[in-house]
Amino acid sequence: MGRLSTEQRQLLRKWFPAGFSAATAWLIMLIVGETPIARASGLALAIFGVTAGMRQMGFVASIAGGLTLAFCPVFWSQTGGGQSQPSTIVLAASAAGLAMMAASRLFKRSDLGIGSGIVLFLLIFWSQIGTAQSLRLSGLVTAWLLYLLVDMILLTNPRPGIQPAQNPKPWHTAGLLFLFAVGAINDPLVTLLAPALLLALFLSYARLPAHYWLGIFAIIAFGSYLLVRAYILPSPTPLDVWGWREAASWIELGQLVIAQFSIFGIVLGVIGLARLSRWYPPLGTVTMIAYAAYICFGLTYRGGHREVLLIPLFIIQVMWMTYAVNTIGQWVNKSLGDETGRWIHIVSSLYFVLPAYLFLEILRS
């Protein structure tokens, strides 16, 4: 075999961490978690998206961050061979995605592709599924929504002096609209990401046609309607609108986050958010708004599957933790004056202690 070209090496460095984390998580879910292959593949695809979104936060650190999410108790609870949601909804989303790409390529218009995908998903959803909610599809959609948000913001608002700002790619805006629509239809809780999504589009200075904005606001309106029907109107309602005023709610939510990543993860998360807000203010603000939306939900929701519905919060927590590790590595490397950057990788390697600890807890349980 010949040597890899420069472009191939760049692609390998960009996607290897995501592929390695996803493949490792997939194998462990199959072997240790005894998870059906379709379910394990969906969960691994979510890990792929999250790790890809963290790639610019460090080669080694992003791998450890992806595995940390995969082995945290709430995410791992989705493995196994118990009762699952109908696979029809996942097939519907896959068929809609393929229809979107085919129509975009055939008609050379991304708006027609997006519309075709959403219409097809709606037809299959309501004819075959009705009001069923797939928690795993919700997690998968959220993971890739956050990937697109992070990638778009880092492209359009890079750190000063690193690279010039660029316009968002068509697949950023098309993917955000499509995934947001699919996610809100499947589980209206995805609508909580609307403020972060709108802010990200605003900060990207994207020149979008009027019908794109019309589509975004139509999805927000429809998702909000479904959100009220699912979480506010039922009697008894699963939401306690004054729950945020109770100290016990804050303590319980904090304990839930600590149970996923230990107090070590909380400290890293605070450091990561602080440094992210310093060096990448748009990304820090957008992730903080998305995190706050799910914090509010976590403080007021008293229904079933609460921990699983808060997976977006844990994804953002892992992102902050991973950036903190990379920041510490950069500081150590700079303090030691190492031009090779090896101390960044050495410090980031210590991050693997956390997923290793979580994995050992899985084996003990």
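Q: Which helix gives the most to the nonpolar patch?
A: This is a predicted model, in which local features need pLDDT of at least 70 and side-chain atom pairs count only at pLDDT 80 or more, while totals for chains, interfaces and linings use all residues. Residues are numbered from 1 along each chain as its sequence is written, and side-chain values use heavy atoms, with hydrogens and water left out. Helices are DSSP runs of H or I with at least four residues, numbered from the N terminus. With five residues in the patch, the element that gives the most is helix α11 (residues 247–279).

Q: What is the area of the nonpolar surface patch that includes Phe264 and Ile328?
A: Patches are made of residues with over 30% relative accessible area and no salt bridge, nonpolar side chains (Val, Leu, Ile, Met, Phe, Trp, Tyr) being joined within 5 Å and like charges within 9 Å. Accessible areas come from the Shrake-Rupley method with a 1.4 Å probe, and for residues only the protein chains shown count as cover. Ile258, Ile263, Phe264, Val267, Ile271 and Ile328 make this patch, and its area is about 490 Å².

Q: Is isoleucine 271 buried, partly exposed or exposed?
A: Isoleucine 271 has its place in helix α11. Buried means under 20% relative accessible area and exposed over 50%, with partly exposed in between (1.4 Å probe, protein chains only). Because its relative accessibility is 33%, isoleucine 271 counts as partly exposed.

Q: Which residue forms a salt bridge with glutamate 252?
A: A salt bridge is a side-chain nitrogen of Lys or Arg within 4 Å of a carboxyl oxygen of Asp or Glu, and the whole structure holds two salt bridges. In the one that involves glutamate 252, the closest N and O atoms are 3.6 Å apart, and the partner is arginine 306.

Q: How many residues apart in sequence are the parts that glutamate 252 and arginine 306 tie together?
A: Glutamate 252 is partly exposed at 40% relative accessible area, whereas arginine 306 is buried at 8%. Since glutamate 252 lies in helix α11 and arginine 306 in helix α13 (residues 306–309), the parts that they tie together are separated in sequence by 54 residues.

Q: How many disulfides does a search of the whole structure find?
A: A disulfide is a pair of cysteine sulfur atoms within 2.5 Å. Cysteine 72 is buried, with a relative accessible area of 1%, and cysteine 296 is partly exposed at 47%. For disulfides, the search of the whole structure gives a count of zero.

How values were computed: Helix = DSSP H or I, 4+ residues; strand = E, 2+ residues; numbered from the N terminus.
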